[in-house]
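Hi,

Here is the structure I said I would pass on. Have a look at it first, and then read on for what turned up.

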Amino acid sequence: MPDVILLGAPGAGKGTQAQLLQREYGFAAISTGDLLRDHRARGTTLGQEAESFMQRGELVPDDVIIRMVESELPGKPVLFDGFPRTVAQAQALDALFEARRRPLPIAAYLKLDRARLEERLLGRWTNPRSGRVYHATFDPPKRSGIDDVDGGPLIQREDDRPETIARRLDVFEGQTLPLVAYYEAGNRLILIDAAQSVDAVSKALVAGLGLHQRAR
Ligand code: AP5
């Protein structure tokens, strides 16, 4: 099974698809956003370093992120969600894989227009305990503000406010979008239309990554 990078703007559905693929195919998942939020909740030095960047919708410095991913990288196939986000991070990841004599990861670009990205982020509700996400319109919980599974409260992320969303989308276009060309040049990019339903996106990913025969 390949190592996979889910590449896409904030709100494209990376976290949603990562949870599904992880469950179906047994990938290990590395979400740099979730790892950073966990560091912040625990008040670690790394979490304190990251806090102001995240609040402003800016990227956390590359060296902090690369150190964090390096220490988390397991032996089994990984789904990267929200990493890499800059060309420097992509090059560092490739160097790490080469040093470990591991085949380079494949990137799946979940492409979605800006208006839909904003709509998804503005309507998102998150379970901070499990990371599961809902959407007020597209995937509402049975009871408003309450998780279907653990019955605890859902929250709206602090960076899902309109002004921070706009900044995050600008940062994506300026700093992360060049990765599409980076992976295309290496012939390891698949393009996915993320405007489809969750199920259809999932099927396109499974087909594009050649995972069909690997269901557990
Ligand atoms: P991070 O936590 O990675 O956030 P993000 O990339 O901004 O992505 P999101 O989690 O917002 O969106 P998603 O694509 O996962 O969408 P989701 O599945 O939830 O990063 C947060 C911050 O941490 C960054 O701003 C930065 O500061 C820092 N950071 C993280 N990684 C970093 C790195 N590598 N380098 C530097 N800094 C870093 O879906 C969104 C909504 O849409 C949900 O409500 C969902 O229910 C709904 N939805 C999903 N799919 C569909 C569909 N197909 N149809 C309809 N609705 C859908």
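Predicted model: local features only at pLDDT ≥ 70, side-chain atom pairs only at ≥ 80, totals over all residues.

Which residues of α9 are the buried ones? In this helix, residues 198-208, they are V201, S202, L205 and V206. Viewed down the axis of α9, those buried residues stay within an arc of 135 degrees, so they line one face of the helix. Turn to the other side of α9 and you'll find D199 and K203, which are exposed. After α9 comes G210, with a positive phi near 70 degrees.

Next, have a look at a pair of helices. α2 (residues 32-42) packs with α4 (residues 62-72) at an angle of about 100 degrees, and their axes are 11 Å apart. Angles of 65 to 115 degrees count as roughly perpendicular, and α2 and α4 are therefore roughly perpendicular to each other. On the α2 side, the residues that meet α4 are T32, L35, L36 and H39; on the α4 side, they are I65, M68, V69 and E72. Sorted by type, the residues of this contact come out as five nonpolar, two polar and one charged.

Start with Q89, which sits in helix α5 (residues 87-99). Q89 has a relative accessible area of 2%, and anything under 20% counts as buried, so Q89 is buried. What does its side chain pair up with? The side chain of Q89 makes a polar contact of 3.0 Å with that of D62. Leaving aside neighbours within four places in sequence, Q89 is in contact with V60, D62, I65, I66, F83 and P84.

Then there is N127, in the loop between β5 (124-126) and β6 (133-135). N127 is buried too, at a relative accessible area of 1%. Its side chain has a polar contact of 3.4 Å with the side chain of D147 and another of 3.1 Å with the side chain of D150. Again leaving aside neighbours within four places in sequence, the contacts of N127 are R132, D147, D150 and L154. If you want a sense of scale, the C-alpha atoms of N127 and L169 are separated by 23 Å, and the two residues are 42 residues apart along the chain.

Cheers

Terms used
Residues numbered from 1 in each chain as written. Heavy atoms only, no water. Buried < 20%, exposed > 50% of the residue type's maximum accessible area, 1.4 Å probe, protein only. Helix = DSSP H or I, 4+ residues; strand = E, 2+ residues; numbered from the N terminus. Arc of directions from axis to C-beta. Axes fitted to C-alpha atoms, helices over the stretch in contact; angles between N-to-C directions. Parallel < 35°, antiparallel > 145°, perpendicular 65-115°, else oblique. Contact = heavy atoms within 4.5 Å. Nonpolar A, V, L, I, M, F, W, Y, C, P; charged D, E, K, R; others polar. Polar contact = N/O pair within 3.5 Å; in protein donor to acceptor, adjacent residues only side chain to side chain.
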